[in-house]
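Colleague: I am new to reading models like this one. Could you take me through some strands and helices?

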Amino acid sequence: MGSGDLGTLVRIEDPAGRSLGTGFLADHRGTLLTGHEVVAGHRALVLRAPTGPPRPVTDADVTPLPAHGLALVRCPGIAVRPLPLAALPDLEPGRYVRICAHGWREARVLGATAGPARELAIGTEGAEALLDGGPAAGGPVLDPATGAVLAVLGTAAHGDRRAAGHALPVPPEGPLAALLRRNATTVPCYGRHLNLGAVLELTATTTGAPEDLPEPRVRDEPGTPVRAVVGLPGTGRSTALAGLAAARARGPEPAPTVGLRGADLHADDPSLAAAVGRALRRAGRVAAASGTPGAPDTVTPEQAAALARDTGRPLLVLLDGPEEMPPLLAHRLGPWTAATEEWLAAHGARLVLACRPEHWEQARAHWTAPPDVVLLGDLTEAEAVAARRRHGVPEDAVAEADARHPLALRLLGELREAARGELPGRPGRDQIFAAHLDLMCLKVAVRIAAAGRPVLRGTAVRRLAARVGGRVHEAARRCLGPGQGELDRESFEELFPWAGGWASAVLTEALLVPAGGGYRFAHEELADWLQGTHLDVDRALDALVHRPAPVPVPRHRIGPVLQSLHHLDREHGPEGLIPRLTTLVDALARPPADPAADADAADGPAVGEDEEGRWWAARLLRGALDRLPDLRPYLPVLRALADRHGERGVLPGFGAGYWRDLPVAEDERLDLLRRLVAADPAPEGRFLDLAAARLAADPRGVQPLLCRWFGDERQLSGAPGATVGAAAQALLHTRRGLAVDDLCEALVATAHPLAEGLLAALAEDEPAALCRAVDRWAHDDGRPERRAAAAAYGRLAARHATDPADRSTLRYAALALLARPGDRALHGAALGLLLRDPETRDRFLPRALADPGVPADALTAALPSHPEPVLDALRARLLGGGAGTGAAAVLRALAAVDTPRLARRAADLVAAYARTCPEGAPLVAGFVDRRLERGPEVRCVLHPLVLGLLGLPAQRAALAPVLAAPGTGASRFLRRELRAVLDARLAEPPPQQPPDSPEPGAARRGAHHADADAAARSWQS
């Protein structure tokens, strides 16, 4: 609107049609502002707008403000454009203004009257319209430059003398204050009277008209100066920003939002403010072209930000795709970020940027205060339901893997709309993208055909659509060239010339959109998918990973490479993709380049290039694996990756969270964790924690899988001396309470010493559980090995079974073993269990004494109650066993006898064995060693026995290392004492041989018998 638009004024008449004056609309609610003199004394009024029928109003619709010479009239729905009100009217004497008096004309402000009104000077023709009751009364007094209302025109006398007219200011008091605020927010004004409404109008041009968008996934956070919306292409980053802009525009207090793309940035921009200024100037030129006064294209970002801050609605800048910025600007991202942060803080503005993870990984370090980060991925289930409903996609009309993917649902909705809801099957993302591209090419072809003469139809249009598709693919190939993935203007106009309507058709259908100085595909993920079909993946991997270029490729250009890898899987299956992924694993595990050796290296990547290559290897490998629908064919790659973890430590991009969420079977997951555990930095490391979590979630299923770890003897990097198998054993023992009975079953099925050791520990820590397991195994009809385990581990359980219920369980197990004639080899162990049980000892003692398979320690358990028969059986085993395992078992059992009376008789058996079997000296020494560790209370029995044994040469030689050993605190002093005796015995001179001594052999036999007699006398004393 110019400063002289009669179409903005409303004539005010009485019911008889006599003109009373003029008014103008001050807001969009229908509030008419006029002079008090126009409405005073009238109970009914008629309002006549330039268009539309007359509007009668009553005095109930009038709010008189006589103190200010003004009045407000309520007339909602009247078809008149409101005028902006100047917040600070400038009515200095000598200033020229514009008024409507028989047409728009200039008037000059003469000076103040007695009240707030200002006297105006006007020519004779205009003065006639300002007579009392003239039609000019109540009209606006306008600023000629901006069109803002400085005051309301009054014609009545104000002060001591009459003047041609008066300007009545609109003070911010009473209902006028609310009107001024509302007007400043909703009616734009530029120039020196710039208001928030103008800023809102300009910024709305940068973001576009609010669309029917879903509930925004990113909320407006007033206290957060910088926020980053990070997500992969297709996750709805741009939609999230558009939703945020729409929410701010539609709110009860609209707030200004500037929308920018990374392509809008220039290489020489010092900060974000430069791009904001260009966006505001572009929007201002649009407003100026429509005739808006006040030079709207001169609004600066500082003015807009300050005005928004002062009104309590801070300016928000939305930067979508900052990775699209020019390469030269990307190289000085740090200074640009620092200047942007300073500008935002100085002007109270805020920033929300939406970018790919690859860009944010590099950009986040440049911000002084870490920005808040909103991670976008697939929709939640509730969001997906709402999205499918909004796009008209039934739940069973899309592949399950893409049922929550924002872009897939949106494009599928467009396809179903074009097909009128009839689409067969459940297409996935690749099928949706291909169909959408075909649909867009067909739409473009239809537009081109409609613009041509003659108009093409049918088959000709389909052939034209094929030509459009060919040019679209060529555009995708050219986007793979140097740059940020855009199509330059020259290439665009070559492929889609303006002549013939190609360019306008492509832009109208939004297949490509303007971006900076070039063009881009509207959907980034679709662009990556399309470009990936034309990429030479082997050359790309060579240039990115194996031999990186000195000038690195921008990391956000990873999308087409990933899509090309996915294309390999779609077209050639695992045979085509596994070799490429294996090379990525090798590159990722490659040792870092040595800076010292780098200077002398003739070939191979430099230090920085090697780091860049490892980054690309990690991201490409992770991205390729994440998109695979079925990982089972790619388990060799995962195993190789896990092995490299164990060798090199944790590789970047594949931390514990990746392996935790990997969609593989549980046995494969545990096997991968086994390979990874060696890289843990401590015994309670990250990967072992994952195994513990899986164990807690499913103990019965995971326990057997952890038992498979026992054979892995690799050392843990954070626990020298500990192996992977030992870590699994410790974990199972620590978490045995989760399912101890199932743990016993898993261990008995595992043939490994660590499993046997853990069962032995369970006998001590969980005797009831092991007793139950022994009972189950003893009654197992189909597996003889389980019955053998019952015999073996029942003996361990019996040593710690003190509860009557546990003894009863072992008793039933033993009886079950004895009831099987075919298991004769297990009867000895079963009888041993029954001997340990006081309730069955008397019944089975005779049979046990006659069975050589009964363990010796089981016989010693019956010594207190049946000493004579048990000692006879032990003597027979000991003296008849030589130096074999039977004698060793008896001596071990005798060493555990602690009752003094029985201990003396046990020592008597040992002394007799030592005299009759010199070759059993090591076994006797072992008996002494074990008895020494029983503590000082065994001295009264052990001291005389050792003194007697020292008289036997073979026993003396075997006892020497035992007595010389340091021992523990329980045996140290007794060992020293007996060692002193041994040293004294060794220090004695050998006896002289008389001249008539017998032959040497006879002499040695006589000495042996003499020593034996001395030992017997010492023992008897």
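Modeller: Start with strands β11 (residues 140-142) and β12 (residues 149-154), which pair in the antiparallel sense over 3 bridges. Two strands pair if DSSP finds at least two bridges between them. Strands (E, at least two residues) and helices (H or I, at least four) are DSSP runs, numbered from the N terminus. The model is predicted: local features need pLDDT of at least 70, side-chain atom pairs count only at pLDDT 80 or more, and totals for chains, interfaces and linings use all residues. Residues are numbered from 1 along each chain as its sequence is written, and side-chain values use heavy atoms, leaving out hydrogens and water.

Colleague: Which residue in β12 is the bridge partner of Pro140?

Modeller: Pro140 has its partner across the bridge in β12. That partner is Val152.

Colleague: Which residue in the hairpin of β11 and β12 takes a positive phi?

Modeller: The hairpin has 6 residues between the strands. A positive phi near 80° is found at Gly147.

Colleague: How many residues of β12 are buried?

Modeller: Buried means under 20% relative accessible area, exposed over 50%, and partly exposed in between (1.4 Å probe, protein chains only). β12 is mostly covered. Its buried count is 6 of 6.

Colleague: Is Glu571 buried or exposed?

Modeller: Glu571 sits in helix α19 (residues 558-572). Its relative accessibility is 51%, so Glu571 counts as exposed.

Colleague: What are the edge strands of the open sheet of 7 strands?

Modeller: The strand order is β5-β4-β1-β2-β3-β7-β6, with antiparallel pairing. An edge strand here pairs on one side only. The two are β5 (55-58) and β6 (62-65).

Colleague: At what angle do the axes of α3 and α4 cross?

Modeller: Axes are lines fitted to C-alpha atoms, for helices over the stretch in contact, and angles run from 0 to 180 degrees between N-to-C directions. The axes of α3 (residues 175-186) and α4 (residues 196-207) come within 5 Å. They cross at roughly 20°.

Colleague: Why is α3 roughly parallel to α4?

Modeller: Angles under 35 degrees count as roughly parallel, over 145 as roughly antiparallel, 65 to 115 as roughly perpendicular and the rest as oblique. The axes of α3 and α4 cross at roughly 20°. Therefore α3 is roughly parallel to α4.
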